[in-house]
Amino acid sequence: MAAEPETPVAASAAEPAVPSLVDRYFTRWYKADVKGKPCEDHCILQHSNRKQVDFKKHGPFLKVYKLQGAQILTELAPLCKIYCSDGEEYTISSCVRGRLMEVNENILHKPSILQEKPSTEGYIAVVLPKFEESKSITEGLLTQKQYEEVVVKRINATTATS
């Protein structure tokens, strides 16, 4: 008995997806409930050369604090304030200690990229920790799997109280 040829859909489903640039070169770390505020979470991307990129998905209005390049930041240093159309405001903290290398000014001109492309063009800043501190910085952060568990617990807690 001859097997039927694969359909284009079946063939493309069998091929592994090519990982994105972010997936190939960055490790995702998470800080949940920043400054004790429930559900205010940040994602920090750590480049394989240990450069940090910090961003958060919210919008659409943004105010970037006037920080100068190479300024030293603490974990709680504010990077920007995001004003949402529903009236919510979010102060985005560095979450990592290091030197501010770059602020993404593109988000000032097109704040929607915070939501549309948060893992690429929608980043907020690049923070460079001291090389010798780069491993210790991640000690207080969650891995992607740990963060997913936090989100599932939140969802379960919300549905249990509903």
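Two strands are taken to pair if DSSP finds at least two bridges between them, and the close-up views below apply this criterion to a predicted model.

**View 1. The hairpin of β6 and β7 in the predicted model****.** Strand β6, which covers residues 78-83, and strand β7, which covers residues 89-93, pair in the antiparallel sense over five bridges. Tyrosine 83 stands opposite glutamate 89 of β7, and five residues lie between the two strands of this hairpin, where glycine 87 takes a positive phi near 95°.

**View 2. Strand β8 and its pairing with β5****.** Strand β5, formed by residues 72-73, pairs with strand β8, formed by residues 98-103, in the antiparallel sense and over two bridges. Within this pairing, leucine 73 has glycine 98 in β8 as its bridge partner.

**View 3. Strand β8 and its pairing with β9****.** Strand β8 also pairs with strand β9, residues 125-128, and here the antiparallel arrangement extends over four bridges. Leucine 100 has valine 127 in β9 as its bridge partner. In a regular strand, the side chains alternate between the two faces of the sheet.

**View 4. Cysteine 39 and cysteine 43****.** Cysteine 39 is partly exposed, its relative accessible area being 48%, whereas cysteine 43 has a relative accessible area of 9% and is therefore buried, given that buried means under 20%. The structure as a whole holds zero disulfides, a disulfide being counted where a pair of cysteine sulfur atoms lies within 2.5 Å.

Conventions
Residues are numbered from 1 along each chain as its sequence is written. This is a predicted model: local features need pLDDT of at least 70, side-chain atom pairs count only at pLDDT 80 or more; totals for chains, interfaces and linings use all residues. Side-chain values use heavy atoms; hydrogens and water are left out. Buried means under 20% relative accessible area, exposed over 50%, partly exposed in between (1.4 Å probe, protein chains only).
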